[in-house]
Amino acid sequence: MTEISAGDFIKQIKSGKIDKKKIFIHGNEIYLTKQVIKALSEKFETEKVDVNDNDFLNRLFKGATQSLFSQKEPFLIVMNINSLNSQIRKKSDKEKFIAFLKNSSGYLLVSETEIDKKTLNTELFKEILQHSDYTVVARHFDKKKIFQILKKKFETAGKEIDDETILFIIDTIGTDLQTLKVETDKLICFPHKLTKETVSELIFATKTTNIFSLITHILKKEKRDYIENLNILLSEGTEPLSLIALLQTQLRQIIEIKSGKKVRLPQKAIKEYINLTQKISLKELYNLLKTLHETEFAIKTGYRKPEEALKEIIFKEV
């Protein structure tokens, strides 16, 4: 098993050095993860399967043997692999998943969060690491690397901007590549020289969002903020079922914290969740989790359109 950064792995895919391999990717830089998925989808005939699907294992083996449109085995992209331990508990189901890891000719296992060392040492993830040809890590770039990327981007676009203003952009927006892409694409369209003053006005003219803030808006019943941020995420191409899966994961963690159980999260995040749920009962949290499950089912069965179903969450009583 070879560990490689997402940036270097994308370069290898585009240079033709990566054939149909067993690949595991995890990390907090969602933009890079999406770029890996995109690059592999352009190279192979792919099919997506989600760990959070009710019929996940059956879909996994159906996809591993034959694609919908041909007799060839597709390159499977397995989303939300971070939910694996909570979704596969039975010994027989674990054996089925391990058999897939051993027998499949190639796949991409995707976690849009970084998997901690404790989880990587659990049974199923040990098997994933053992059978993976590549473990790809998609972490945020440091400030120096981001500066180089932005400087090259502005130079290629022919924009007049000094180094101090580029650093101001990074300090203001942060190092999340998806957010930086959205904001700098907008800045490039500005017809004049980019200064700290004009950048400040242009950046804050459009509201951006953080995918992890949705659960906070729901618990605080901030309807307007939730809808605005949801619209931004959907317009950026975030998949509705991935949003549902993230909300479910966050809410399960919140319920465990509320129940007094130990959760592997930063202390700052734990304190925020404790403060956030002081006036919210466990029953209300479980009712909200039920609502998320119902929303997921409605989307998967086609009973509700994804965007409508996601928006309805904030208006339901728990």
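Predicted model: local features only at pLDDT ≥ 70, side-chain atom pairs only at ≥ 80, totals over all residues.
Two strands count as paired if DSSP finds at least two bridges between them.

Six strands, in the order β1-β6-β2-β5-β4-β3, form an open sheet with parallel pairing. Its edges are β1 (2-5) and β3 (46-50), each of which pairs on one side only, and from one strand to the next the twist averages 20 degrees. Helix α1 (residues 6-14) packs on this sheet, where α1 touches β1, β2 and β6 (134-137), and the direction of α1 makes about 100 degrees with that of β1.

How many residues of β2 are buried? The strand is mostly covered, and 5 of its 5 residues are buried. Side chains in a regular strand alternate between the two faces of the sheet. In β2, Lys22, Phe24 and His26 point one way and Ile23 and Ile25 the other way, and all are buried.

## Two helix pairs

Two packed helices are described by the angle between their axes and by the distance between those axes. The table sets out two such pairs.

| Helix pair | Axis distance | Crossing angle |
|---|---|---|
| α14 (residues 240-258) and α16 (residues 282-300) | within 10 Å | roughly 165 degrees |
| α8 (residues 143-156) and α9 (residues 163-173) | within 10 Å | roughly 120 degrees |

Because angles over 145 degrees count as roughly antiparallel, α14 and α16 are described as roughly antiparallel to each other. The crossing in which α14 passes α16 is left-handed. On the α14 side, the contact is made by Leu241, Ile244, Leu247, Gln248, Leu251, Arg252, Ile254, Ile255 and Lys258, and on the α16 side the contributing residues include Leu282, Leu285, Tyr286, Leu288, Leu289 and Leu292, along with His293 and Glu296. The residues of this contact divide into 13 nonpolar, 3 polar and 4 charged.

By the angle between them, α8 and α9 are oblique to each other, and α8 passes α9 in a right-handed crossing. Here Lys143, Ile146, Phe147, Leu150, Lys151 and Phe154 of α8 meet Asp163, Ile166, Leu167, Ile169, Ile170 and Asp171 of α9. The residues of the contact of α8 with α9 divide into 8 nonpolar, no polar and 4 charged.

## Loop residues

The loop between β4 (75-79) and α4 (84-87) holds Asn80, and Ser83 is found in the loop between β4 and α4 as well. Phi of Asn80 is near 55 degrees, a positive value in a residue other than glycine. Asn80 has 8% relative accessibility and therefore counts as buried, and Ser83, at 4%, also counts as buried.

Which residues does Ser83 contact, leaving aside its neighbours within four places in sequence? These are Val51, Asn52 and Thr249. Ser83 and Thr249 lie 166 residues apart in sequence, yet their C-alpha atoms are 7.6 Å apart in space.

Another non-glycine residue with positive phi is Lys221, at about 60 degrees, in the loop between α12 (214-219) and α13 (223-235). Is Lys221 buried or exposed? Its relative accessibility is 53%, so Lys221 counts as exposed.

Terms used. Residues numbered from 1 in each chain as written. Heavy atoms only, no water. Helix = DSSP H or I, 4+ residues; strand = E, 2+ residues; numbered from the N terminus. Buried < 20%, exposed > 50% of the residue type's maximum accessible area, 1.4 Å probe, protein only. Axes fitted to C-alpha atoms, helices over the stretch in contact; angles between N-to-C directions. Contact = heavy atoms within 4.5 Å. Parallel < 35°, antiparallel > 145°, perpendicular 65-115°, else oblique. Left-handed = near helix turned anticlockwise from the far one by under 90°. Nonpolar A, V, L, I, M, F, W, Y, C, P; charged D, E, K, R; others polar.
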